[in-house]
Amino acid sequence: MVHDYTASLVSRKEVAPNIFHISFKLQDDGNFVFAPGQYLLLKVKDQYRQFSISVYKESVRTFDLIIEYFENGLASEYLKHLKIGELSEFKGPAGIFVQHEVARSIIYLATGTGVAPILTMINSVVIKNRTHPMFLFWGLPTKKDVYLEDQLRNWSEKNQLFRYAICLSKEKSIITKPLYKGHIQDNIKDIIGNTMLSNCDVYICGGKDAVVGLKEYALDNRVDAQRLYFERFN
Ligand SMILES: Cc1cc2nc3c(=O)[nH]c(=O)nc-3n(C[C@H](O)[C@H](O)[C@H](O)COP(=O)(O)OP(=O)(O)OC[C@H]3O[C@@H](n4cnc5c(N)ncnc54)[C@H](O)[C@@H]3O)c2cc1C
């Protein structure tokens, strides 16, 4: 159920060009119940913008967002200039792009900040799922746009069923695993083989064009439409 929340800015760090990792602390004592994958609605000048929760720490009641900054964007400018300790208003958590029960292998396909909701999904299953392989393919432009490497490595060390590949569509220099050149679609079959894709639950998140392209790719490769979950950021 959607509630109103007030939260104070705890930290903001530019983790890659125009990508900010932002942490908020909830001010109210009320219940904060969210399903991994859901988003919050940030109120800015009587308008709302959705931002997916990338981390929630119940013990300290903080949540993190990963924001791409767009020049002159309403929420982008608001979040870039918000001061530590200042309060913001949110509604939520909301959304139906959520982690389902793990019944088979999972493939997560994310581009850009579309990785944010997928992080809470992976976090919710990576420790308890000891049966089914989980694979994240994350599309970014170049090496300098990569962040979250420590988190992803840490998960893969804790559970060897979790693996990941970061696909860099515009990278020219020599790179090594887990970085790969090209789009997700250029690498996926080489990495996981032909058959795995059609037997998986597939979660897709990112910008409109990427999501449309990845959905089409998944369906062309015989992913069951009932097991295909997706969210578009624009
Ligand atoms: C369910 C959902 C979850 C989302 N989660 C996240 C998230 O976790 N992290 C995140 O960064 N964003 C997320 N978004 C997108 C976010 O809600 C905003 O749309 C985005 O941050 C831009 O808002 P703004 O107010 O800064 O820009 P606006 O004032 O809305 O737009 C200003 C200008 O910025 C440009 N612009 C805005 N969005 C895009 C875009 N996606 N691609 C290219 N140009 C654009 C356009 O030129 C536009 O005219 C999510 C969207 C949805 C629907």
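This report covers the aromatic ring pairs and the charge-over-ring contacts of a predicted model.

## Annotated domain

The UniProt record, an unreviewed entry, lists residues 2-100 as "domain: FAD-binding FR-type". In the model this span is 55% strand and 8% helix, and its end C-alpha atoms are 20 Å apart.

## Aromatic pairs

The model holds 15 aromatic pairs. One of them joins Phe 24 and Phe 63, with ring centres 5.5 Å apart; the planes meet at 25 degrees, so the pair is stacked, since planes under 30 degrees apart count as such. Phe 24 belongs to strand β2 (residues 19-26) and Phe 63 to strand β5 (residues 62-68), so this contact ties together parts 39 residues apart in sequence. Both Phe 24 and Phe 63 are buried.

A further pair, Phe 97 with Tyr 203, is edge-to-face, with 65 degrees between the planes and 6.2 Å from centre to centre. Phe 97 sits in the loop between β6 (87-94) and β7 (106-111), while Tyr 203 is in strand β11 (residues 201-206); the pair therefore ties together parts 106 residues apart in sequence. Phe 97 is buried at a relative accessible area of 3%, and Tyr 203 is buried at 0%.

## Ring cluster

Phe 24 and Phe 63 also belong to a cluster linked by ring pairs.

## Charges over rings

Lys 80 is placed over the face of Tyr 69, 4.3 Å from the ring centre. Lys 215 has its charged end over the ring of Phe 230, at 3.9 Å from the centre of that ring.

Methods
Residues numbered from 1 in each chain as written. Predicted model: local features only at pLDDT ≥ 70, side-chain atom pairs only at ≥ 80, totals over all residues. Heavy atoms only, no water. UniProt positions renumbered as here; feature names shortened; annotations may be inferred. Helix = DSSP H or I, 4+ residues; strand = E, 2+ residues; numbered from the N terminus. Phe/Tyr/Trp six-rings, centres within 6.5 Å; stacked < 30°, edge-to-face > 60°. Buried < 20%, exposed > 50% of the residue type's maximum accessible area, 1.4 Å probe, protein only. Lys NZ or Arg CZ within 6 Å of the ring centre and 35° of its normal.
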